[in-house]
Amino acid sequence: MAPVSRLARRKDASRWPRMSSTFWAVVLLTALLLLYCGQLAAGTCEIVTLDRDSSQPRRTIARQTARCACKKGQIAGTTRARPACVDAGIVRKKQWCEMVPCLEDEGCDLLVNKSGWTCTQPGGRVKTTTAL
């Protein structure tokens with residue numbers, strides 16, 4: 001007696017529909033496209049969240065989170081007031097001004113405890129940034 005497959009024994013079971021190879025190629029390419037679109041190009045960053053608190057007079061506290069895809073030897077940092085991939089040695093040594101975090105017309109100074117930097121605008125306004 002020849003063995004009977006389990007599928008043939010069940011009355012409510014149906015066989016999988018046969019799909020063409022073109023169908024499976026389209027499904028695979030669609031999945032790859034979706035996967036690729038969610039990735040950042042190497043050496044680039046994007047801002048994920050930005051939160052501003054202006055509840056105190058003459059003071060605004062801004063927090064931002066960035067997602068970066070840095071190359072080997074780089075780490076997420078700030079260049080020209082935008083998230084960017086910078087040399088990891090700058091962050092390790094806490095020489096923040098070497099990554100050029102301020103805008104062109106601003107001056108950069110390290111905080112005394114090297115926990116961050118200040119960007120001083122020509123009019124005297126000071127922006128202080130601390131690294132977490």
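These legends accompany close-up views of a predicted model.

**View 1. Salt bridges across the whole structure.**
Three salt bridges turn up in a search of the entire structure. One of them joins Glu 46 to Arg 67. Another pairs Asp 51 with Arg 63. Glu 106 and Lys 127 form a salt bridge as well.

**View 2. Glu 46 and Arg 67 meet in a salt bridge.**
The N to O distance between the two side chains is 2.9 Å. Glu 46 sits in strand β1, residues 44-53, and Arg 67 sits in strand β2, residues 61-69, so the contact ties together parts that are 21 residues apart in sequence. How accessible is Glu 46? Its relative accessibility is 32%, so Glu 46 counts as partly exposed. Arg 67 has a relative accessible area of 36% and is partly exposed.

**View 3. Asp 51 forms a salt bridge with Arg 63.**
Here the closest N and O atoms are 4.0 Å apart. The pair links distant parts of the chain, with Asp 51 in strand β1 and Arg 63 in strand β2. The two residues are 12 residues apart. Asp 51 is partly exposed, at 41% relative accessibility. Arg 63 is partly exposed too, with a relative accessible area of 49%. The cut-off for exposed is over 50%, which means that a value of 49% still counts as partly exposed.

**View 4. Glu 106 and Lys 127 join in a salt bridge.**
Their side chains meet at 2.9 Å, N to O. Glu 106 lies in the loop between α3 (88-93) and β5 (107-110). Lys 127 belongs to strand β7, residues 126-130. The pair links distant parts of the chain, 21 residues apart. Is Glu 106 buried or exposed? Glu 106 counts as buried because its relative accessibility, 10%, is under 20%. Lys 127, by contrast, is partly exposed, with a relative accessible area of 27%.

**View 5. Strands β5, β6 and β7 form an open sheet.**
The three strands follow the order β5-β6-β7, and their pairing is antiparallel. Which strands lie at the edges? They are β5 and β7, each pairing on one side only. Neighbouring strands of this sheet are turned by 20 degrees against each other on average, with direction ignored.

**View 6. Strand β5 pairs with strand β6.**
Four bridges join β5 to β6, residues 116-120. The two strands run antiparallel. Within this view, Asp 109 stands opposite Thr 118 in β6.

Note on methods
Residues are numbered from 1 along each chain as its sequence is written. This is a predicted model: local features need pLDDT of at least 70, side-chain atom pairs count only at pLDDT 80 or more; totals for chains, interfaces and linings use all residues. Side-chain values use heavy atoms; hydrogens and water are left out. Buried means under 20% relative accessible area, exposed over 50%, partly exposed in between (1.4 Å probe, protein chains only). Two strands pair if DSSP finds at least two bridges between them. Axes are lines fitted to C-alpha atoms, for helices over the stretch in contact, and angles run from 0 to 180 degrees between N-to-C directions.
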